[in-house]
Amino acid sequence: MSVKSKLSNKSERFTESVIRGMTQLCLKHNAINLSQGTPAYQPPDEVKQAAIAAIQDGYNQYSITWGAPDFREAIAKKMNKFNHIETDAAKNVTVTCGSTEGMLSALLAIINPGDEVIIFEPFYENYGPDTIISGAKPVYVALQETKAEDGGMRFTYDKDELKNAFSNNTKAIIINTPNNPLGKVFTHDELQEIADLCITYDCLAITDEIYEHMIYDGKQHISIGSLPNMTDRTITVSGLSKTYSMTGWRLGYVVASEILSNAIRKMHDFLTVGAPHPLQRAGIVALNLPSSYYKELVQKYDRNRKLLVNILTEAGFRCHPPEAAYYIMTDISDFGFPDDTKFAHWLVQEIGVGGVPGSSFYSRSHLGKTKFRFMFSMSDDILDEAGNRLMKIKSKI
Ligand code: PLP
């Protein structure tokens, strides 16, 4: 029997994550891993203690499948206050196993064969497989480096390209603000333009806001679901992984209208039953941390951002400071490599630093051939050591 012939067409249509593959390569060559977006920090002590206490206090069985009521209350409070989206814990919140599961459950809840989903590229790796698993037809719109009014560089889309991407088959557009891998924060004008198109074409906005608390230089996070007439047509996906440095806890959530939430809850139930119950209890403590926590978080990451931008610029990469999140997308054209994947392997083996080939963030992979992403959620001494190694690039090529 050929076991391979038993595989589903879907499973054959995407490869293993390039980012996790880079992590394996870094381990093999003992390289500093600036590829995978794992926070360098630990969750606050009181949050860890709350998780231990929850286990000891007996929260060891399933919670309600769409989330423990108090945790959903804490999420609803945050959504009302921070995201300015009217949210009822009983009707609008579904707790998921990370925002990863939240995004997939949302797509599974709305996609029918033939439905198109608009995705900005470069995009977070998972959206590609998500569309394949859910059966959506992706339609891509490029985010390009453009000179901003203040003279700086920003990533934005071409308005006509965006308009032309919408059709009567469009079911939804996926927005990721702040964006991974570009660190772009969508502006109010951009979100309003997207919202107007969603209303014109009667389609949904699905927004992944996992980096909503990591924004620099006083820029503001805006949730498209808070714009006029958008609450009912927006599915907001977020989670605790990045903000509280707990990617291993798998706590995410989806906020949507009652009708959409009911469909999302069904998908979520049969995919995973529920997120870890004791960790949801600790999640309540995390969501109730004082505002100083978020201020310090931004200060920590901002320091790393500046440090790595300086290192990369000195080492010969072309880049500018990201507006948000903890990634820097660079241009590697000046190094003269035939493509980004060859550069990635060379960098790990010869220099001892890992990053992510830009093409893995694009459906039209040629658009990313001269791009390369680094992440800066690392301690200062590791970033300094990465700097020492990266300074050797010019002498080795
Ligand atoms: N969304 C984006 C844009 C991400 O960059 C990541 C992780 O890197 C995730 C979602 C995954 O988040 P979670 O841990 O909540 O599944």
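In this predicted model, N30 is found in the loop that connects α2 (18-29) with β1 (32-33). The phi angle of N30 is near 55°, a positive value in a residue other than glycine. Most residues other than glycine have a negative phi, and most peptide bonds are trans.

The bond from E121 to P122 is cis, with omega near 10°, and P122 is placed in the loop between β3 (116-121) and α7 (127-134). The bond from N180 to P181 is likewise cis, with omega near 20°. P181 belongs to the loop between β7 (170-176) and α9 (188-200).

The ligand is surrounded by 13 residues, and the closest of them are S99, T100, D208, Y211 and S241. For T100, an N or O atom of the side chain lies 2.5 Å from an oxygen atom of the ligand. For Y211, a polar side-chain atom is found 2.7 Å from a ligand oxygen atom.

The space that the ligand takes up is the largest pocket of the model. Helix α6 (residues 98-110) provides the largest share of the shell, with 3 residues.

Aromatic pairing was examined next. The structure contains 22 aromatic pairs. One of them is formed by F317 and F374, whose ring centres are 5.2 Å apart and whose planes stand at 90°; the pair is therefore edge-to-face, as planes over 60 degrees apart are counted in that class. F317 is located in the loop between α12 (291-315) and β11 (327-331), whereas F374 is part of strand β14 (residues 371-375), so the pair ties together parts of the structure that are 57 residues apart in sequence.

How values were computed
Residues numbered from 1 in each chain as written. Predicted model: local features only at pLDDT ≥ 70, side-chain atom pairs only at ≥ 80, totals over all residues. Heavy atoms only, no water. Near = heavy atom within 4 Å. Polar contact = N/O pair within 3.5 Å; in protein donor to acceptor, adjacent residues only side chain to side chain. 1 Å grid on protein atoms, 1.4 Å probe; cavity = no way out; pocket = protein on both sides within 12 Å on 5 of 7 lines; lining within 4 Å. Sits in = over half its atoms within 2 Å of the grid points. Helix = DSSP H or I, 4+ residues; strand = E, 2+ residues; numbered from the N terminus. Phe/Tyr/Trp six-rings, centres within 6.5 Å; stacked < 30°, edge-to-face > 60°.
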